Amino acid sequence: MAGSGHRLIRLRTLVHVIAPRAGKAVPEGFRRLIAIEDVSKRYADGTVAVDRLSLQIPDHSITVLVGPSGCGKTTTLRMINRMIEPSSGTIRVGGEDVRARPVNTLRRSMGYVIQNAGLFQHRTVLDNIATVPRLLGWSRQRARERAAELMERVGLDPAMARRYPYQLSGGQQQRVGVARALAADPPILLMDEPFSAVDPVVRRSLQEELLRIQGELGKAIVFVTHDMDEAITIGDRIAVLRTGGRLAQFAAPDEILSSPADPFVEEFLGSDRGIRGLSFLSTRDLELDRSRVFPVGSDRREMSGRAPEGAPVLVTDADGRPLGWADPGSWDGNVEALEPYGPVFEVGRDSLRVALDRTVLSPTGQAVGVDGSGKVLGVAGQETVAAAIRSARRRRAADAPQEAPAVKAGR
Ligand code: ADP
């Protein structure tokens with residue numbers, strides 16, 4: 001790894017003046033921002049890392065480059081900010097050939113985040129984040145104020161400000177790395193396996209944090225990972241690359257899951273792509289059964305009369321929150337004797353994947369759907385979820401192809 005002095009010099013070349021605030025500069029909707037046109041990279045030893053790659057990377061979205069190790073993801077990413085020069089082809093940003101711009105001017109518009117964060121070990125968290133604004137000539141106070149603001153944005157406790165990187169966990173360091181890349185508010189963020197070195201739980205929270213930040217800032221993010229699950233979780237669009245730097249498929253995650261372009265993509269997705277695809281279908285239109293939901297204290301005969309014959313009923317408290325399952329034929333009204341209802345799903349917010357999961361975990365096979373405040377809206381079994389999946393697919397097939405990425409319905 002390069003020494004900090006060397007890195008400082010490189011950082012000086014990365015930035016130079018403040019990039020325009022993305023929020024102001026970007027027109028409405030979804031437009032092409034980075035165009036990779038027939039680009040190849042052959043290294044000096046003859047290795048072809050990228051082979052005639054063409055990709056249109058839109059603004060206001062997260063584009064993920066995914067594929068097995070050595071398929072040319074990092075090379076592609078680094079050609080965008082000219083850390084690596086293509087052997088042939090053209091890369092344009094906002095319609096302009098990146099070679100037409102001085103490298104400093106180009107890079108000042110692109111934040112860059114790498115695995116293990118690459119922080120300056122001898123600087124505090126606050127000064128790490130303030131590095132780029134300082135290099136841009138901001139006063140120490142203004143740069144630190146900006147750094148403090150970014151710490152909050154990436155979910156770092158202000159108490160961390162005076163710590164050094166070695167005093168942070170891997171996940172916290174990674175947050176600092178993201179904050180540092182955002183410091184000068186660049187419209188483009190390039191991220192190279194940024195969360196690969198942290199454990200799965202922290203990784204999940206970093207992914208959620210990135211999605212939240214992206215919801216607020218609306219950058220064009222190019223994100224490299226070898227992990228298809230990560231690509232599906234965070235990507236608006238996914239470019240699947242195969243060894244030799246060739247594009248196998250470029251599409252929204254749900255389309256890749258439902259219609260992999262070829263056996264390579266299918267194999268890369270793994271064996272449960274059908275279930276994973278349900279993450280993109282909302283529970284909003286799920287037909288919930290209310291006939292077997294009763295508040296505590298309800299008449300037993302009414303329960304048996306209204307609920308389907310022999311079916312257990314869900315008992316709620318007076319506010320409509322679930323208490324547990326009962327057999328109306330034998331339950332004595334004792335709340336303690338109810339069978340636990342298990343995990344619930346939030347109607348409209350959770351996906352059909354979550355609803356299906358809840359049916360599997362439920363002791364009765366019926367998943368409990370609640371509203372945002374935890375009140376029961378109804379229950380649904382696997383047949384009901386299956387019907388919702390079929391109708392969502394029919395609706396989707398009938399829809400015209402969309403330019404914008406599918407909205408995620410939650411995991
Ligand atoms: P990925 O990011 O998908 O793992 P890379 O873009 O790092 O892939 O590398 C793509 C291919 O190019 C690999 O075969 C790698 O060994 C090779 N490669 C990367 N950098 C160099 C280099 N400087 N010289 C020669 N070959 C390289």
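Student: Which two strands form a hairpin with three residues between them?

Tutor: A strand is a DSSP run of E with at least two residues, a helix a run of H or I with at least four, and both are numbered from the N terminus. Here strand 9 and strand 10 make the hairpin, and Gly244 in its turn has a positive phi of about 95 degrees. The model is predicted: local features need pLDDT of at least 70, side-chain atom pairs count only at pLDDT 80 or more, and totals for chains, interfaces and linings use all residues. Residues are numbered from 1 along each chain as its sequence is written.

Student: In which sense do strand 9 and strand 10 pair, parallel or antiparallel?

Tutor: Strands pair if DSSP finds at least two bridges between them. Strand 9 and strand 10 (residues 246-251) are joined antiparallel by five bridges. In one of these, Ala239 has Phe250 of strand 10 as its partner.

Student: What else does strand 9 pair with?

Tutor: Strand 3 (residues 61-66) runs parallel to strand 9, and four bridges link them. Thr63 faces Arg237 of strand 9.

Student: Is strand 9 (residues 237-242) mostly covered or uncovered?

Tutor: A residue is buried when 20 or more other C-beta atoms lie within 10 Å of its own, exposed at 12 or fewer, and partly exposed in between, with C-beta atoms placed from the backbone. Five of the six residues of strand 9 are buried. Over the chain of 411 residues, 41% count as buried.

Student: What is the strand order in the open sheet?

Tutor: Its six strands follow the order 6-7-8-3-9-10, with mixed pairing. From one strand to the next, the twist averages 15 degrees.

Student: Which strands does helix 3 lie across?

Tutor: Angles run from 0 to 180 degrees between N-to-C directions of axes, which are lines fitted to C-alpha atoms, for helices over the stretch in contact. Helix 3 lies across strand 3, strand 7 (188-192), strand 8 (220-225) and strand 9, at about 155 degrees to strand 8.

Student: Why is helix 3 (residues 73-80) called largely enclosed?

Tutor: Six of its eight residues are buried, so the rest of the structure largely encloses helix 3. The buried residues are Lys73, Thr75, Thr76, Leu77, Met79 and Ile80. Just after helix 3, Arg82 has a positive phi of about 65 degrees.

Student: How do helix 5 and helix 6 cross?

Tutor: Two packed helices are described by the angle and the distance between their axes. For helix 5 (residues 125-135) and helix 6 (residues 140-153), the axes come within 8 Å and cross at roughly 125 degrees. That makes helix 5 oblique to helix 6, since under 35 degrees counts as roughly parallel, over 145 as roughly antiparallel, 65 to 115 as roughly perpendicular and the rest as oblique.

Student: How far can the predictor be trusted, by its own pLDDT?

Tutor: pLDDT is the predictor's confidence in each residue, from 0 to 100. The chain averages 86, and 89% of the residues score at least 70. Over residues 1-30 the pLDDT is below 50, and over residues 402-409 the pLDDT is also below 50.

How values were computed
Contact = placed C-beta atoms within 7 Å.
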